[in-house]
Amino acid sequence: MSGMTQEEREGLALPLLRAISRTAGEECEPPAASVASAFAHRTKSRAHFLRAGEAWYVASMSAFPASHCGTHVWLWSHERNGRRGEAVTAFDIPTAVGALAVTDESDVVDRVLSRNKYVAAPIRERFFSLAAERWTVEENLAANRRYASAHSAGVFEDKLSCDEAHRGAAASSLFARRFAHVEIDDSVDLGQFARLDREAAELADKGWLPAIGSDNSIRFRLCGRHRAIGVYSPSLKAIAIDPRAPRSGAHEMAHAYDFEHGQLSGRSRGSAPSSTGSARRCPAWTSRTRG
């Protein structure tokens with residue numbers, strides 16, 4: 001939620017109210033003389049209400065007192081009807097988002113929202129197990145976002161001056177038939193590049209390299225300032241391969257494949273399909289690399 005505007009965060013209220021109440025109701029204001037209305041004064045931000053059956057569901061961006069979170073039946077005085085119970089489920093939106101992101105198991109979510117009950121609940125261990133799995137996924141996604149931001153220029157920009165021989169070799173290469181753009185640094189031995197070009201095409205035809213989109217660009221450039229022998233930018237859909245270590249090519253293509261197929265590496269359950277197939281048979285393209 002950190003990247004959302006205040007308006008976007010507030011917009012989460014109704015979907016969450018519906019998810020937790022398991023209804024398709026609309027927001028509505030409770031009577032002034034009701035428990036639900038009184039709850040609105042116990043939070044620093046605007047409260048959102050939904051009526052489902054005989055119960056009220058109350059959500060807010062800021063936290064309610066711990067004793068008010070979760071589902072409670074509160075006694076309330078009415079002028080004519082005396083005292084009667086009114087069921088209210090109250091939760092703060094960030095906690096609900098976190099609980100629902102971890103699991104869709106209703107008993108887990110209910111205990112997370114009822115935080116004062118949750119502390120001693122037997123399901124505590126189960127929740128932390130689920131949260132640990134989800135944390136790994138979130139860490140991976142955050143790292144990828146930082147990576148995309150840090151590797152968005154320089155090595156992914158064409159050099160202003162490039163000799164005609166290298167420019168022509170890039171344009172006529174087999175790489176150019178598969179990708180949107182190819183650049184070869186002037187320092188690259190064109191004989192060695194031609195050999196690499198043929199080898200990569202053969203491996204791709206056999207399905208031994210990750211099948212990435214043709215809208216990617218590939219540049220054979222020195223990557224020293226990135227302290228890597230290959231880098232990939234998901235935002236630019238660009239791969240840079242250090243010509244001194246062409247084995248980084250398959251590794252960076254695997255990064256591209258990962259991003260193009262919904263972050264397979266970040267899935268914590270089940271097994272993701274392999275993006276490199278049998279490419280390990282060719283040491284020139286598959287030795288371990290950074291980036």
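**Reading the predicted model**

The protein has an accessible surface of about 15,900 Å², with carbon and sulfur atoms making up 52% of that area; such areas come from the Shrake-Rupley method with a 1.4 Å probe. This is a predicted model, in which local features need pLDDT of at least 70, side-chain atom pairs count only at pLDDT 80 or more, and totals for chains, interfaces and linings use all residues. Residues are numbered from 1 along each chain as its sequence is written, and side-chain values use heavy atoms, leaving out hydrogens and water.

Q: What makes strand β2 mostly covered?
A: Buried means under 20% relative accessible area (1.4 Å probe, protein chains only), and six of the six residues of β2 (residues 55-60) are buried. A55, Y57 and A59 point one way, while W56, V58 and S60 point the other way. In a regular strand, side chains alternate between the two faces of the sheet.

Q: How do you know that β1 and β2 pair?
A: Pairing takes at least two bridges found by DSSP. Six bridges join β1 (residues 47-52) to β2, so the two antiparallel strands count as paired. F49 stands opposite V58.

Notes: Buried means under 20% relative accessible area, exposed over 50%, partly exposed in between (1.4 Å probe, protein chains only). Helices (H or I, at least four residues) and strands (E, at least two) are DSSP runs, numbered from the N terminus.
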